[in-house]
Amino acid sequence: MCGIVGLYLKNPALESQLGELFEPMLLEMTQRGPDSTGFAVYRDPAPAGALKLVLQNPDLSFDWAHVAAALTEQFKVDVDFRRDHTHCLVRLPVAEADLRAWLAAEPRPFTVVSIGQHIEIYKEVGLPIDVANAFNLKGLRGSHAIGHTRMATESAVTTAGSHPFSTGSDLCLVHNGSLSNHNRLRRKLEKAGAVFRTENDSEVAAQYLDVQMQQGATLSQALTRALGDLDGFYTFTIGTSDGFAVLRDPIACKPAVLAETDDWVAMSSEYRALARLPGVKHAKLWEPEPATVYVWGGERAGAGH
Amino acid sequence: MSKEQVFDLTTHTVRDLNQALHGLNGATSGPDFKVLNAQGDHALAVGIDAPVKVEIDGHVGYYCAGMNKHASVTIHGNAGTGLAENIMSGVVRLKGNASQAAAATGRGGLVIIEGDASARCGISMKGVDIVVQGSVGHMSAFMAQRGRLVVCGNAGAALGDSLYEAEIYVRGTVADLGADCEAKEMTPEHLAALDELLKRAEMPYPASEFRRYGSARKLYHFNIDNADAY
């Protein structure tokens, strides 16, 4: 099973209410995925030349100051960090390639959850209500959010195996379904330089889109290519710095509902997650067609980067 | 007729509603039911076995009016997966659009969808009549065994794939036919029966505007020419 939800605000006046609108959507999908929960929020962008990264360590008293000090020493810059439950949001002016090189240079005592200028991902094993409370989802402001409630089928119930998956900068993906050609695709992507953190099939889909966009594709072009290269069952919702997209495989076994008003676009596995959005009664409401790319924003080539 | 029973789902649970309906199972009459503020809840009005009238306001989730017997259920909204799944008899009328597998495995009765139905409408139907005013998605009437699927709009890909003995009528276009489904002659008997069904469903189209499809019967009979293969 699994539940997925996404909310993309078209009206910036609603940005202060993003968490308030989005949290009930995620919680409504508890029955579809009670084992792990995660969400990505796009907000509060880092200035040009700077990055935000979200790191995770299960130890609630983990010494994040030590990590910040190591980053300061390495890059000779001011590093801002804020602990948030098991996660830590770090901001620093650094080039992404240099940061990734530092992260890869030796084993680090934390997991990288997201890197980008806009994106922050928070995810944990546990019920949606517990994870939402742990990270104060309700209070979050931002332009768009994507969430996932997981009922694991293929890989382990771990924080790393939870969604959303983000492999590149600012792009994230949530997935309901299972891919059947992910092993072959993984080897192909590894040859193209992709580095995988998990055995999860959904991470392969995220990497796939990321590689396409690194090669210059727009979000919409990357998704059109995905229809040819990904085999299996999927309903995806994808976020980039300025874009929001939904894609279903040609058989479309996995459910999806879209709703749109002048103020927002919302996606969910089931209508009930949308039922409390303001103006939903007069929203355009439809089931996305199989093998059809739906994109809002995100038309800059390589906009994930 | 006793007083109408109202279940507002902002104050009542789905279980309250379904238990009240099940309390009438086997009865020969009962009150009318009005369900307010459905917000995509699953399993509304499932398993009724009495000739009652149920009106639901709002969008419904999965399996609404599933296994229905005798009741007349009308939904003023859209429906999630498996509307009227395994319906036995009675009438289910949906004013909006239906998600996947509407009227799946239905054994009898009538399901009317005034909007569109998405993929696999009437999958494995076994005697139900389904009338869709709009269009149906891909793989509709997949492995259908008995009953009629009437599509007033267009049909998606692989219509009637691996069909047994159900009848399919389409007024608009068919993206393509599934394995072993073929166009059939519309006889006067079929026209008269379809006309009666369209009238019962309150559809404003004459039967003459529809084409009929059915099984070529090549997949499910053993072909004696293949006997040498064993």
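**Contacts, cores and domains**

Reader: What makes A:Leu18 a contact of A:Leu7?

Author: Leaving aside neighbours within four places in sequence, A:Leu7 is in contact with A:Leu18, A:Leu21, A:Phe22, A:Met25, A:His144, A:Ala145, A:Trp264 and A:Ala266. Contact means that the two C-beta atoms, placed from the backbone, lie within 7 Å. This is a predicted model: local features need pLDDT of at least 70, side-chain atom pairs count only at 80 or more, and totals for chains, interfaces and linings use all residues. Residues are numbered from 1 along each chain as written, with chains lettered from A and ligands numbered from 1 in written order.

Reader: Why is the set of 78 residues called a nonpolar core?

Author: Because its members are buried Ala, Val, Leu, Ile, Met, Phe, Trp, Tyr or Cys residues, joined through C-beta atoms within 7 Å. Buried means 20 or more other C-beta atoms within 10 Å of the residue's own; 12 or fewer is exposed, and in between is partly exposed. A:Leu7 and A:Ala205 are among those touching the most other members of this largest core. Helix 6 (residues 201–214) of chain A gives the most, six residues. A helix is a DSSP run (H or I, at least four residues), numbered from the N terminus.

Reader: How do you know where the domains of chain A lie?

Author: The bounds come from an automatic or database assignment. Domain 1 is 3–39 + 141–297, and domain 2 is 46–117. Seven residues of domain 1 of chain A contact seven of domain 2 of chain A. The C-alpha centres of these domains lie 25 Å apart.

Reader: What confidence scores does the model have?

Author: ipTM is 0.89 and pTM 0.93.

Terms used:
Helices (H or I, at least four residues) and strands (E, at least two) are DSSP runs, numbered from the N terminus.
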